[in-house]
Amino acid sequence: MSDTTVKNIHRRRFLKLTGLSAGGLVLGANLPGWQPAWAAGLDKNNEFNLFVSIDSDDTVSIVCHRSEMGQGIRTGLPQIVADELEADWQKVKVIQGLGDKRYGDQNTDGSRSVRRFYDTMRRMGASARTMLERAAAQRWEVPAGECRAENHSVIHTPSGRRLSFGELAEAAAGQPVPDEKDLRLKNSTQFKYIGKPVNTVDTPDMVTGRARFGQDVYFDDLLIASIERAPVLGSKITRIDDSAARKVKGVVAIAQLDGGAEPPLFNPLSGVAVLAYNTWTAQKGRKLLDITWSETGHSQHDSDAYLEELKQAVQEPGKTIINHGDVDTALAGASRSHSATYTVPYLAHAAMEPLAATAQVSEGACEVWACVQDPQSVQQNVASALGLKPEQVKVNVTLLGGAFGRKSKPDFVVEAALLARKMQRPVKVVWSREDDMRHDYYHAASAAHFQAGFNGDGKVESWLQRTAFPSISGTFQAGVDRPSNSELRLGLADMPFAIPNRRTETQRADYHTRIGWLRSVSNIQNAFGVCSFADELAYSGGRRPDEFLLELIGSDRHINPSQGDYKYDNYGEDLEKFPVDTARLKQVLRRVAAKADLNMRGDHEKNAGEGWGIAVHRSFLSYVGIASKVQVRDGQLKILEMHCAADVGLAVNPDRVRSQMEGAMIFGMSLALMGEIKMQNGAVVNSNFHDYPLLRMHQCPPLSVELIASEEPPAGVGEPGVPPVAPSITNAIFAASGQRIRELPINKHLKIG
């Protein structure tokens with residue numbers, strides 16, 4: 001039984017929500033809602049609001065209710081509908097959906113857009129196709145079974161008569177929506193667009209400069225705001241002298257933003273906004289502000305000292321989350337044992353397009369234009385700040401110039417809305433690169449400790465893993481000092497090794513800054529620790545890393561990591577439909593191992609400073625392996641090549657999946673090689689790409705991606721390529737040089753060539 005119903009809906013609603021007229025068939029589908037923990041007041045009674053319309057001029061309009069940030073979702077979802085509909089792709093128009101709770105989940109994160117809506121989109125397309133075929137049969141007075149849709153027309157098979165979709169649109173609108181049991185879905189051999197490399201619909205506008213991103217929104221009477229924000233979490237303004245700023249020609253106003261409350265949620269930080277007619281003037285005035293900020297409990301926070309505290313914490317026993325067998329007894333009786341501790345620093349999103357939001361406030365209403373991943377969260381937070389109802393906030397979603405999770409936090413949109421109300425005219429808040437770097441929702445700094453014991457046969461008999469990092473939950477709830485279950489299941493609690501005695505523990509870690517989701521989230525540090533430690537164990541026993549990993553993973557089986565109070569949520573999906581499948585993990589392992597010469601180990605001098613490393617990881621329901629070859633000479637690291645094998649289930653648009661994997665490899669290299677946000681006296685030290693560098697073109701090795709053919713349901717694509725990158729590089733560095741790196745970023749230990 002599906003959780004989605006398709007319905008023939010009133011065309012006026014299509015006009016109201018899209019601004020486009022529809023002259024023929026309009027279908028809507030209710031979508032399963034998803035209510036994040038911080039979002040109060042969402043109406044769970046979703047209405048029928050995901051649209052497919054067919055107009056009399058043959059145009060097929062498909063609403064995309066997710067945000068486009070380069071991943072190709074404005075192409076991927078419509079191409080699923082178009083395939084089942086038998087539409088001509090050249091006659092398909094994609095419409096960006098406004099923020100509206102009736103769309104169900106619009107939060108474009110978690111690598112779930114295709115996997116969660118694949119079946120719904122297919123049913124939408126198949127329903128429309130069936131109604132068109134029935135309308136044609138009625139027109140020709142023939143059995144519906146003699147009619148078939150093909151390339152934007154319906155054909156009467158015996159006679160060869162043909163009617164276009166546009167000619168049938170009005171009549172199809174009068175047909176009853178078919179029951180789901182009567183729908184005839186295509187089999188995979190009949191797909192025209194699914195599984196094919198369809199070009200992205202936004203590319204022409206992007207390459208010609210017509211595409212509109214958040215920074216591109218402009219009105220004639222627009223004011224630009226540049227905001228000086230509190231450098232330390234919780235700080236408030238104690239004194240301000242803005243006289244010099246007010247003297248700058250073109251500065252229109254200076255306004256203060258309240259803030260400083262904890263937990264920080266998605267509220268703006270305390271700040272002083274300088275408003276002018278252009279960005280340059282606003283920023284010039286801002287530089288002349290003289291502000292004194294209050295001290296807070298985070299004013300002494302130092303990221304280096306904090307990481308040392310976390311490293312010490314994970315040496316001590318913590319709170320047990322999962323326990324299989326008797327780890328302590330097995331470790332005590334081990335023929336030999338090995339232990340290691342790994343750390344990952346704070347990380348920033350560092351999207352190429354800094355944040356920008358434009359707002360206009362009128363009596364009882366607010367309209368915004370912004371590069372946001374979650375327009376419904378914008379509605380809720382802006383409404384709360386202005387004293388409106390969420391439905392009184394209209395959210396226009398622009399294209400996003402990268403996001404990686406940062407643009408799902410709408411604090412910057414709330415800033416624009418508050419200033420627009422104060423100024424009684426449209427205001428665009430422009431974040432500089434420095435603002436973006438210093439006021440992010442950072443990926444948590446972390447430490448993880450591992451200990452393993454071998455039996456007399458050289459098999460791993462016991463495994464202890466212990467982790468400490470500030471939880472994302474601390475951003476939404478005061479007093480949180482341990483990772484949540486949802487963070488632990490990202491590569492730690494669901495570790496797929498067949499070891500009889502295993503225990504997972506957590507240690508306390510207070511938060512001192514805003515912590516948020518970053519592409520692949522806790523899988524980053526969990527995969528780094530697990531895959532690095534497994535590699536260490538392999539070398540300690542003189543084993544090939546791939547053969548040792550296959551032994552650790554064990555037999556082909558499905559795993560349910562739930563135990564006791566720990567409930568594994570499997571990224572919100574059914575374990576029957578998306579099992580933790582060790583056979584698929586082993587398959588990507590074998591594929592990347594075949595790319596690497598893993599015999600180049602043990603004798604680093606003979607390796608001439610070159611070596612291979614591998615890592616495999618399941619995240620967001622997909623299985624990804626990475627093999628990296630590096631060169632280490634005279635203290636300098638160069639990555640020579642990198643290979644990816646990915647099993648993501650059915651790849652709806654293989655070109656986009658490959659692009660996502662390539663992007664993830666580059667993103668992962670930036671984090672592993674150079675990513676580190678440093679904090680001193682509670683404030684971020686980094687300011688721009690010169691001290692938070694991203695991978696340069698000359699540093700990027702040749703990349704290859706192998707997608708494993710699969711008819712399993714589509715799984716996550718945007719994030720799963722990131723986690724194995726760092727351990728594959730550090731494992732390769734050990735193979736090349738004998739140097740084991742347990743502390744990221746790598747440039748703390750080696751120069752990056």
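Student: What share of the residues in the protein chain is buried?
Tutor: Buried residues make up 63% of the 753 in this predicted model.

Student: What radius of gyration does the chain have, and what would a compact globule have?
Tutor: The chain has 27 Å. A compact globule with 753 residues would have a radius near 27 Å, so the two agree.

Student: What does the C-alpha trace span along its principal axes?
Tutor: About 80 × 75 × 50 Å.

Student: Which part of the contacts comes from residues 24 or more positions apart?
Tutor: Among contacts with a separation of 6 or more, such pairs account for 78%.

Student: Where is the pLDDT below 50?
Tutor: Over residues 33-47. In the model, that stretch still has 33 contacts beyond near neighbours in sequence.

Student: OK, on to the fold. How many helices and strands are there?
Tutor: The protein chain has 18 helices and 31 strands.

Student: Pick a sheet. What is the strand order in the one with S1?
Tutor: The order is S1-S2-S3-S4-S5. The sheet is open, and its pairing is mixed.

Student: Which strands stand at the edges, and why call them that?
Tutor: S1 (6-8) and S5 (92-96). Each has a single partner strand, so one side of each is left without a neighbour in the sheet.

Student: How much twist is there from one strand to the next?
Tutor: In this sheet, the twist averages 25 degrees.

Student: How many bridges join S1 to S2?
Tutor: There are 3, and the two strands run antiparallel. S2 covers residues 25-29. In this pair, lysine 7 stands opposite glycine 28 of S2.

Student: What about helices? Where does H3 lie?
Tutor: H3 (residues 113-140) lies across S1, S2 and S3. The helix runs at about 150 degrees to S2.

Student: And which strands does H2 touch?
Tutor: H2 (residues 73-85) packs on the sheet and touches S3 (50-54), S4 (60-64) and S5. The direction of H2 makes about 135 degrees with that of S4.

Student: Next sheet. How are S6, S7 and S8 paired, parallel or antiparallel?
Tutor: Antiparallel, in the order S6-S7-S8, and the sheet is open. S6 (147-150) and S8 (162-164) are the edge strands, each pairing on one side only. The twist averages 25 degrees from one strand to the next.

Student: How many bridges link S7 to S8?
Tutor: There are 3, with S7 spanning residues 153-156. Isoleucine 155 stands opposite arginine 162 in S8.

Student: Which helix packs on that sheet?
Tutor: H4, residues 165-173. H4 touches S6, S7 and S8, and its direction makes about 80 degrees with that of S8.

Student: Last one, a single residue. Where is glutamine 379?
Tutor: In helix H10, which covers residues 375-386.

Student: Does glutamine 379 count as buried or exposed?
Tutor: Buried. Its relative accessibility is 8%, and the cut-off for buried is under 20%, so glutamine 379 qualifies.

Student: What does glutamine 379 touch?
Tutor: Leaving out residues up to four places away in sequence, glutamine 379 touches Gly99, Asp100, Lys101, Pro390, Glu391, Val393 and Val395.

How values were computed
Residues are numbered from 1 along each chain as its sequence is written. This is a predicted model: local features need pLDDT of at least 70, side-chain atom pairs count only at pLDDT 80 or more; totals for chains, interfaces and linings use all residues. Side-chain values use heavy atoms; hydrogens and water are left out. Two strands pair if DSSP finds at least two bridges between them. Helices (H or I, at least four residues) and strands (E, at least two) are DSSP runs, numbered from the N terminus. Axes are lines fitted to C-alpha atoms, for helices over the stretch in contact, and angles run from 0 to 180 degrees between N-to-C directions. Contact means heavy atoms within 4.5 Å. Buried means under 20% relative accessible area, exposed over 50%, partly exposed in between (1.4 Å probe, protein chains only). pLDDT is the predictor's confidence in each residue, from 0 to 100. The radius of gyration is taken over C-alpha atoms; the globule rule is 2.2 Å times the number of residues to the power 0.38.
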